[in-house]
Structures are given as C-alpha cells and as structure tokens.
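Open the model in your viewer and keep the selection tool at hand.

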Amino acid sequence: MSEAEKTSKKDSSKKDSFFKHVKAEFKRCTWPKKEELIRQSTLVIIISVILGGVIAGIDWLIRLGLQAIGL
C-alpha cells in the first residue's frame with residue numbers, strides 16, 4: 001500500500017470519527033420545546049426592537065446637541 005493510500009484512509013477515518021462524535025453530541029443536547037422556543041424567540045425580537053429604539057433615540061439626541069452647538 002502506498003503512502004498516499006495510507007494517508008487517505010487515515011483522513012477518512014478521522015472524518016468518520018469526527019462525524020460520529022458530532023452525532024453523539026447532538027443526541028446529548030436537550031432541545032427546547034416548541035412553546036419555549038417561540039417564547040424565547042419573541043422575547044429576543046422584542047428586546048432587539050426596544051434596544052434599536054433606544055439607540056436611535058440616543059443618536060437623535062446627540063445629533064440635536066451637535067446641531068445646537070454648530071457642528
């Protein structure tokens with residue numbers, strides 16, 4: 001067997017081993033229930049919108065302040 005074939009088999013076995021480990025890890029994960037996922041996703045969207053509004057408000061106030069001092 002040539003060196004290239006040995007290396008190819010080693011790489012193939014490493015990939016197989018990696019994907020077996022990934023599959024095993026996914027089985028160990030505790031996935032959220034549908035209701036919990038919806039609730040958490042809704043909360044993330046609401047908080048993102050609120051923070052976007054706060055940042056836009058701060059930006060607006062800074063712009064007004066800079067315009068007031070003539071910059």
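Start with a definition: the expected span of a helix is 1.5 Å times one less than its number of residues. Helices here are DSSP runs of H or I with at least four residues, strands are runs of E with at least two, and both are numbered from the N terminus.

This is a predicted model, where local features need pLDDT of at least 70, side-chain atom pairs count only at pLDDT 80 or more, and totals for chains, interfaces and linings use all residues. Residues are numbered from 1 along each chain as its sequence is written, and side-chain values use heavy atoms, with hydrogens and water left out.

**Whole chain**

Colour by secondary structure. The protein chain has 2 helices and 0 strands. Now show the surface. The accessible surface comes to about 6800 Å², and 67% of that belongs to carbon and sulfur atoms. Such areas come from the Shrake-Rupley method with a 1.4 Å probe; for residues, only the protein chains shown count as cover. What share of the 71 residues counts as buried? The share is 0%. Buried means under 20% relative accessible area, exposed means over 50%, and partly exposed lies in between (1.4 Å probe, protein chains only).

**Helix α2**

Select residues 34-68, which form helix α2. At 1.5 Å a residue, its 35 residues should span 51 Å. The end C-alpha atoms are 51 Å apart, so the two values agree. Ile 69 lies in the segment after α2. Ile 69 counts as exposed because its relative accessibility is 63%. Gly 70 also follows α2, and its phi is positive, near 90 degrees.

Next, select Ile 46, Ile 50, Val 54, Ile 58, Ile 62, Leu 66, Ile 69 and Leu 71. Together they make a nonpolar surface patch of about 810 Å². Patch residues have over 30% relative accessible area and no salt bridge; like charges are joined within 9 Å, and nonpolar side chains (Val, Leu, Ile, Met, Phe, Trp, Tyr) within 5 Å.

**Salt bridges**

How many salt bridges does the structure hold? It holds 2. Each one needs a side-chain nitrogen of Lys or Arg within 4 Å of a carboxyl oxygen of Asp or Glu.

Stay on α2 and select Arg 63 and Asp 59. Their closest N and O atoms are 3.1 Å apart. Both residues lie in α2, 4 residues apart, about one turn of the helix. Arg 63 is partly exposed at 45%, and Asp 59 is partly exposed at 41%.

Now go to helix α1, residues 3-28. Select Glu 25 and Arg 28, whose closest N and O atoms are 2.9 Å apart. They are 3 residues apart in α1, so about one helical turn separates them. Glu 25 is partly exposed at 42%, while Arg 28 is exposed at 60%.

**Aromatic pairs**

Rings of Phe, Tyr and Trp (its six-membered ring) pair if their centres lie within 6.5 Å; planes under 30 degrees apart count as stacked, over 60 as edge-to-face and the rest as tilted. This rule gives 2 aromatic pairs. Select Phe 18 and Phe 19: their pair is edge-to-face, 5.3 Å centre to centre with 70 degrees between the planes. Finish on Phe 26 and Trp 31. Their ring centres are 5.9 Å apart and their planes are at 10 degrees, so this pair is stacked.
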